[in-house]
Amino acid sequence: MNDIIHELQLKIEKLQDENNFKNALITILSHDSKEMSGNFLMLAEAVEQKSISQDDFFKLLPQIKSDAQKDLQAVQDSTNWLKTQYGGFKIKPERIMLKALFDHFKKKYEPILSQKNILLYYKGDPNAFIKTDRILFSFVIDKILNNAIKYSFPGHDVYFQAVSDDMETVISVTDSGTGMDERFVSNIFKHDKAVFQGTAGEIGVGLSLKIVKNFILLMNANIEIISAEGKGTTVTIKFPVIENE
C-alpha cells in the first residue's frame with residue numbers, strides 16, 4: 001500500500017511540475033510579446049509625432065534588435081517544447097556518436113568562438129555514444145554549449161567531455177566564465193522569469209534551461225549544475241546505459 005501511495009505522489013508531483021511549466025511558459029511568452037510590441041508601437045508613434053529625433057531613434061535600434069532576438073529565441077525554444085506535447089510525440093532512441101555531434105556544434109559556433117577567442121575542446125572517448133532521441137538531445141547540448149560560450153570570458157576555453165562505463169554515460173560541459181552563486185544554482189530550473197547577459201552582451205532569457213530540464217526528464221536522464229561565481233560552471237548529464245545497445 002505504501003508503495004502505491006508513493007507512486008501516486010510522484011505522479012501528482014510530476015503533473016504539478018508540468019502544469020507549472022506550461023503556465024510559466026504561457027506567462028513568459030504573453031508578457032514578452034506584449035512588452036516588445038508595446039515598446040515598438042510607442043517608439044513608432046514617437047517618431048510619427050516627432051517627439052523623438054531620428055538620431056535618438058537610431059540610437060535605440062540596437063536595444064530593439066536585442067529585444068527582438070530575445071523574443072525570437074523564446075518562441076523558437078517554446079516551439080521545440082510544444083512538439084513534445086502534442087501530436088502523439090514519442091521518444092525515438094537512436095545511436096548518437098558524441099564526437100560527431102560535438103564537431104557539428106563546434107562548426108556552428110565557430111564565429112562566436114573566434115570573436116571571443118575561445119577554443120572548444122573534446123575530451124574523453126572519441127567513440128563514446130548514447131542511445132536516445134536525437135532531436136531532444138541535440139537541443140539540450142546546443143543550449144548547454146551556447147550558455148558555456150555565452151558566459152565565458154574572452155580567451156577562456158570550453159571543454160566537452162564524455163566518459164562511459166557499463167552503467168552510464170556521463171557528458172559534461174565546463175567553462176571558466178562568470179559562474180553563479182550557490183543560491184541561484186539551486187533555483188536555476190524554477191519557472192520565474194529571468195534575463196541574463198553574456199560576457200559579450202549576449203542576451204539569455206532563462207527559458208531554455210527550463211526546457212532542457214523537461215527534455216532531460218523525457219530522456220530518462222539526470223542533469224547536475226555545479227558553479228561558482230566568477231570561476232565558471234560545469235553542467236553534467238548522466239544517461240543510463242540501455243541494454244542491447
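Me: How many bridges join strand E4 to strand E5?
Reply: Six bridges join E4 (residues 158-164) to E5 (residues 168-175), and the two strands run antiparallel. Strands are DSSP runs of type E of at least two residues, and helices are runs of H or I of at least four, numbered from the N terminus. Two strands pair if DSSP finds at least two bridges between them. This is a predicted model: local features need pLDDT of at least 70, side-chain atom pairs count only at pLDDT 80 or more, and totals for chains, interfaces and linings use all residues. Residues are numbered from 1 along each chain as its sequence is written, and side-chain values use heavy atoms, leaving out hydrogens and water.

Me: Which residue is the bridge partner of Val163 in E5?
Reply: Val163 has Val170 as its bridge partner there. A hairpin of three residues joins E4 to E5.

Me: And how does E5 pair with strand E9?
Reply: E5 pairs with E9 (residues 232-240) in the antiparallel sense, over eight bridges. Ile171 stands opposite Ile237 in E9.

Me: Changing topic: what does Asp142 form with Lys108?
Reply: Asp142 forms a salt bridge with Lys108, with the closest N and O atoms 2.8 Å apart. Asp142 lies in helix H5 and Lys108 in helix H3, so the pair ties together parts that are 34 residues apart in sequence. A salt bridge requires a side-chain nitrogen of Lys or Arg within 4 Å of a carboxyl oxygen of Asp or Glu.

Me: Is Asp142 buried or exposed?
Reply: Asp142 is buried, at 12% relative accessible area, whereas Lys108 is partly exposed at 43%. Buried means under 20%, exposed over 50%, and partly exposed in between (1.4 Å probe, protein chains only).
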